[in-house]
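Please read the following briefing alongside the sequence and the coordinates.

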Amino acid sequence: MRLETVKDLEKRRKQAIKNKESVPNTILVCGGTGCLASGSAAVADEFSKQLKKHGIDTKVQLQVKRTGCHGFCERGPIVTFVPSGILYQKVKPAHVEEIVEKTVKNGEIVKKLVYRDPSTKQYVEQYSEIPFYKHQTRIALRNTGQMDPTSIDDYLARGGFKGLAKALDMKPEAVLDEIEKSGLRGRGGGGFPTARKWRSAINAPGEKKYVICNGDGGAPGALMDRSIMEGDPFDVLEGMIIGAWAIGSDEGYIYVRQEYPLAVVHLRKAIETLREVGLLGRNILGSGLNFDITIARGGGAFVCGESSALMMSVAGKVGEPRAKYIHSTERGLYDLPTVLNNVETWVNVPVIIENGGERFAQCGTEKSKGTKVFALIGRVNNTGLVEVPMGVTLRDLIFNIGGGIQRNREFKAVQTGGPSGGCIPKELLDLPVDFDRLTEQGSMMGSGGMIVMDERTCMVDVARYFLNFLMEESCGKCVPCREGLRQLKGLYDRIVEGYGTMEDLKKIEWLAEDVRIASLCALGKSAPNPVLSTIRFFRDEYEEHINLKRCRAGVCKALTKLVIKDNCIACGKCIKVCATDAITGEKKKVHVLDQGKCIVCGSCVEICPVDAVQVEPASKAVEVPS
Amino acid sequence: MTLTGASVISTVDQICSNYPAKESSLIEILHDISAEFRYLPADALRRVSENLGVPISRIYGVATFYKGFSLKPRGKKLIRVCEGTACHVRGADRNIDEIERLLGIHPGETSSDLEYTLEVVSCVGACAMAPVVVVNDKYYRNASPSDMRRIAGMGGDADEDKDEGGDE
């Protein structure tokens, strides 16, 4: 049924809430990519089967829903119970019958599936009491994991489209004022004030204006955009419709990475639903706003996360950026004024309008308002998506929410901001995280990837990794980026192969500076960040590679050999994981590693329970090629 | 084995009819063709050029610029090893080395029997499960070199549940 007016919308919401309340209990099975990979679809199927078998009516007593990502991907598949708030982790189909018999029928807890805090050894039954969730403030992630992402009624029942209804009742200028008051800054990387961007597009001349959602999320380590698009697609679309009202646009695009097929499916379904009910199309809720959204799939190019390249790609062209003497807010897609915001920015918009900009601004730091979603990943215990107020310290994030470093190893650095960001060392763990503080330290917020590194991570290798990535992804249009990165990568290759000199290090520093100054777009301009920040904070590791031909982390293969020490307990785990059968040994005898067969992959180092496999410098005869 | 002829043309026409005949539809159309044939046959691109009125040179430019497209036939099993940052620091390199060794092909190549294509991709957005390997649409989490044989379907049970390690 078409929703002609706000009254119709509220009527449907009432009905949706009533329907929801008529079934007192719900089981939410996480259907995010992480949990799906761990087999959550089979778990959901098994629930349906078992409920039927036990004669539980899913229309009256209890229903099973597949939701978006819960964020706690490390512990997936995640199953939660509403309203009791119980969370089960690592649920397998084989557990389902027991859950139905005990928890569903008798309200008993299945203890083996309850989260157990690794540090306190306490069992934590309640979702909201688990440290990973307890310290979070969820605004952008308010709906993901809590509802069926393809159901508009679920979205309405959770307060969806309240922001839109309110916005359409306001003058566009007043909507813009609220955004300004909120202090919202772009969540995609640069942190540009959203209101200023919108105002600039409003003031720009042009018979037509565009609204675009950047769902490229192409930076390695930024999965929040994916999770939001998959788990809460209506929210993204609602934000865009409000944006269209504010700037006077009638056409929008949502650019989604081709690697995110589930996001495309859910968005497509959500757009179709909104067209059916009249929340996209002509005269939305009787306001006079005409607006529609089209999905544009990316083709797999990192540079298309850059605004001008993205707009080229939407137009079906090669995604090369242009020099931005004129901002894309004035001349963007098809040379017309365009507002482009990232997924996380758009989902903040409905909340700001619904609750007012001032309330939003209460959270965060002086210049960075609200919350930020981080992808807490790498060598940290609790990997996943977390949302915290701006200004939280790195220590809180990594140790309180993240539960510290895997295997109790030593924290070395955290990399923020993706390939354009930098590495922050442990001396700066108490740094409050906001846009400006990270930039001061030579890194950046980026889209919020937070990759934790420990003593088994080589900082030279990390810098080389990013250079290699950016070299591959450079579109090739401007010389400093195309050639500069290639030369830098060559210099790094010499260092990790054991041929590096201090002269090379000097060359790296000045070449990186040139690339930063002379490149055309943000990809090249920020490419030296990983290089310069690792040299700044981890110069000793570079010098070790160059002067001692040693990689202390045991990552650079040419400089490393692995040996098994006498504290080996002969458990045989390393024999199992060795891909080249280089390790031999029997019970009660120290295992032996054949250097001739070893490919220094390090699997044995990772698996050894007593750290008997040690990293040693390879005795490398240093021959500098002429 | 490359695909040519009337069946390609009719499939392409079918796909093009779902989109407005303008340049902005190009990337969507190429995705659909790719999903159909697992690569972009030359005849298909020529037909797209005619249908959209976009020069073949420009289509070639787009088809080679974006990593998601291939002008060469790809294998039945598309093995994508994620080399995003999270996967990298958790040892994705080792998986790439091992799978190259097993299949005898390098990233970007297809085995001569058209069984496997190996690709290294920058991030599949599943960082919490690093390192990740994706075979067609199935995601394998916390993959290690010794899992590669099973993941590639070269022995062992492909759906065998991996021990994820408990709390203790």
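This is a predicted model: local features need pLDDT of at least 70, side-chain atom pairs count only at pLDDT 80 or more; totals for chains, interfaces and linings use all residues.

Two residues are taken to be in contact if their C-beta atoms, placed from the backbone, lie within 7 Å. In that sense, what covers the buried residues of α16(A) includes α5 (131-134), β11 (371-378), β12 (384-389), β13 (411-416), β14 (422-425) and β15 (449-454) of chain A.

**Chain A as a whole**

- Chain A holds 25 helices and 19 strands, and its C-alpha trace spans about 80 × 65 × 40 Å along the principal axes.
- The radius of gyration of chain A is 26 Å, which agrees with the value near 25 Å that a compact globule of 626 residues would have.
- Of the 626 residues in chain A, 55% are buried; among its contacts between residues at least 6 apart in sequence, 72% join residues at least 24 apart.

**Domains of chain A**

- The domain assignment of chain A gives domain 1 (25-82 + 86-125), domain 2 (152-361), domain 3 (371-457), domain 4 (460-548) and domain 5 (557-617).
- Between domain 1 of chain A and domain 3 of chain A, the C-alpha centres lie 30 Å apart, and the contact takes six residues from domain 1 and seven residues from domain 3.
- On the side of domain 1 of chain A that touches domain 3 of chain A, the residues comprise four nonpolar, one polar and one charged.

**Helix α16 of chain A**

- Helix α16 (residues 394-401) of chain A has as its buried residues A:Leu394, A:Leu397, A:Ile398 and A:Ile401.
- Seen down the axis of α16(A), these buried residues fall within an arc of 120 degrees, and therefore they line one face of the helix.
- After α16(A) comes A:Gly403, whose phi is positive, near 70 degrees.

**Chain B as a whole**

- The secondary structure of chain B amounts to seven helices and four strands, and from the N terminus on its elements run in the order α-α-α-α-β-α-α-β-β-β-α.
- Taken along the principal axes, the C-alpha atoms of chain B fill a box of roughly 60 × 30 × 25 Å.
- Of the 168 residues of chain B, 42% count as buried, and among contacts in chain B between residues at least 6 apart in sequence, 62% join residues at least 24 apart.
- Chain B is divided into domain 1 (6-65) and domain 2 (77-151), and the centres of these two domains, taken over C-alpha atoms, are separated by 29 Å.

**Contact between the chains**

- The contact takes 50 residues from chain A and 41 residues from chain B.
- Elements that each supply at least two residues of the side of chain A that touches chain B are α2 (33-37), α13 (307-314), β11, β15, α18 (459-473) and α24 (573-577) of chain A.
- With four residues, α2(A) gives the most to the side of chain A that touches chain B.
- By class, the residues of the side of chain A that touches chain B divide into 22 nonpolar, 19 polar and nine charged.

**Nonpolar cores**

- The largest nonpolar core has 226 residues, and those with the most contacts inside it are A:Ile241, A:Ala375, A:Leu397 and B:Val132.
- Helix α11 (residues 233-247) of chain A gives the most to this core, with ten residues.
- Apart from this core lies another, of 14 residues, among them A:Cys578, A:Ala582, A:Ile583 and A:Cys608.
- Neighbours within four places in sequence left aside, B:Val132 is in contact with B:Cys82, B:Cys87, B:Val124, B:Ala126, B:Tyr139, B:Tyr140, B:Arg141 and B:Ala143.

- A:Ser603 belongs to helix α25 (residues 603-607) of chain A, and it is buried because 26 other C-beta atoms lie within 10 Å.
- Although A:Ser603 and A:Ala579 are 24 residues apart in sequence, they are 8.5 Å apart in space, C-alpha to C-alpha.
- Leaving aside neighbours within four places in sequence, A:Ser603 is in contact with A:Val577, A:Cys578 and A:Ala579, and also with B:Arg94, B:Ser144, B:Pro145 and B:Ser146.

Terms used:
Residues are numbered from 1 along each chain as its sequence is written. Chains are lettered from A and ligands numbered from 1 in the order in which they are written. A residue is buried if 20 or more other C-beta atoms lie within 10 Å of its own, exposed if 12 or fewer, and partly exposed in between; C-beta atoms are placed from the backbone. The arc is that of the directions from the helix axis to the C-beta atoms. Ala, Val, Leu, Ile, Met, Phe, Trp, Tyr, Cys and Pro count as nonpolar, Asp, Glu, Lys and Arg as charged, and the others, Gly among them, as polar. The radius of gyration is taken over C-alpha atoms; the globule rule is 2.2 Å times the number of residues to the power 0.38. A nonpolar core is a set of buried Ala, Val, Leu, Ile, Met, Phe, Trp, Tyr and Cys residues joined through C-beta atoms within 7 Å. Domain bounds come from an automatic or database domain assignment.
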